[in-house]
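Me: I'm new to this one and would like to learn how to read it. Could you walk me through some features, step by step?

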Amino acid sequence: MLQLIFVVIFVISGSALCSGIEAALFSVSTLKVRQLAQSKNPSAVALLAIRENMIRSIATIVVINNVFNIVGSIITGSIAREVLGNNLLGVFSGVLTFLIIIGAEIIPKTVGERYAETISLFIAIPLAALTLIFTPLVWVLENITAPFTRGKKQPTTNKAEIMLLADIAHQEGIIERDEAQMIQRVFQLNELTAADLMTPRTILTYLRGNLTLAEAKTDIISSQHTRIIVINENIDEVIGVALKQNLLTAMVEGRKTQKIGTLTRKVGFVPETIRADRLMRNFLEAREHLAVVVDEYGNVSGVITLEDVLEVITGEIVDETDKTIDLQAIARKKRERMLQSMRFAYRSVENKR
């Protein structure tokens, strides 16, 4: 009887160990494993190798698990027949099945899922060694199952999952609310274009290049912008951008007759359709803060600044010199008033007819 009890415990324990390890390996987060592997911990590095090629490790676990289940059942059945006889063999089989379901499946898999990281790190190196030992058998199993396991590898995560994780992290107190919002707003950069963020041409502040500093003195001083567009004859002929600081410095130095056009710097031009993420890279690479937005015909649509792009992530940036917070909203209202005026004028003409 003791022999039978020992064999049953051995078989259930072995099967439970395999089930728990399998559940832990499938439950541990790949992202977490990659993070742990950056510390160069041998167990974490081994676990990362296992996670990136799960078929080999799972094949090893399945082989060992089936040895316990199949061979163990045969040995247990033989001993049970000798000890209990044929009359009690059916009862023993039912009890053993119940014990295997509870002790070798449900409980170990629950524990494996709950303590996935700890168990996976503990077993990573031994499992890698066993996989190496079972290489010939694993190779055969890999080739047999290859037609069913081949296919495009799914990404580790996606945009929606990262946004959800940021929200969950805020709810659990791991990060602040503003941090979660900034993470989520980052993904808007590849959805918005320069046309969505620019200050429209209808409310652009600009100076004519042929004016002297004295002639443009009032406009320069009243401008709330640190960078002012400089044009030639009309707004579609942008010749550059002038820094308000340089203009004021020249005025203080007494160079009132100097033309504004001589104090301009080159300005970049970007299409309306350029995405905000690419636009930010352009600003950083060129070390510029402003660009002129043009439409498909090369006409000026507006201007966009690095601050406009950053506001997608941080929200509205307002300093003590800003009198108007949302220039785009003002432009929309102005456009609506113009359209209403045009409709009114059109109706008046029609009525006269």
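What follows is a short tour by question and reply.

Reply: Happy to. Keep in mind that this is a predicted model.

Me: What does L25 touch, leaving out residues up to four places away in sequence?

Reply: With those set aside, L25 touches L47, I50, R51, M54, I61, S120 and L127.

Me: What does E142 touch beyond residues up to four places away in sequence?

Reply: Its contacts there are N53, I55 and R56. Take R56: it is 86 residues from E142 along the chain, yet their C-alpha atoms are separated by 7.2 Å.

Me: On to strands. In what order do the four strands of the open sheet come?

Reply: Read a sheet from one side to the other. The order is β1-β7-β6-β5, with mixed pairing. β1 (199-200) and β5 (268-271) are the edge strands, each pairing on one side only. β5 and β6 (residues 290-294) run parallel, joined by four bridges; V270, for example, has V293 in β6 as its bridge partner.

Me: Which strands does helix α13 lie across?

Reply: Helix α13 (residues 276-286) lies across β5, β6 and β7 (300-305), at about 65° to β7. Helix α14 (residues 306-314) packs on the sheet too, touching β1 and β7, and its direction also makes about 65° with that of β7.

Me: Last one: at what angle do α4 and helix α5 pack?

Reply: For two helices, take the angle and then the distance. α4 and α5 (residues 89-114) pack at about 140°, with axes 10 Å apart. Over 145 would count as roughly antiparallel, so α4 is oblique to α5. Their crossing is right-handed. The contact is made by T76, G77, A80, R81 and L84 of α4 with L89, F92 and L96 of α5.

Conventions: Residues numbered from 1 in each chain as written. Predicted model: local features only at pLDDT ≥ 70, side-chain atom pairs only at ≥ 80, totals over all residues. Heavy atoms only, no water. Contact = heavy atoms within 4.5 Å. Pairing = 2+ DSSP bridges. Axes fitted to C-alpha atoms, helices over the stretch in contact; angles between N-to-C directions. Parallel < 35°, antiparallel > 145°, perpendicular 65-115°, else oblique. Left-handed = near helix turned anticlockwise from the far one by under 90°.
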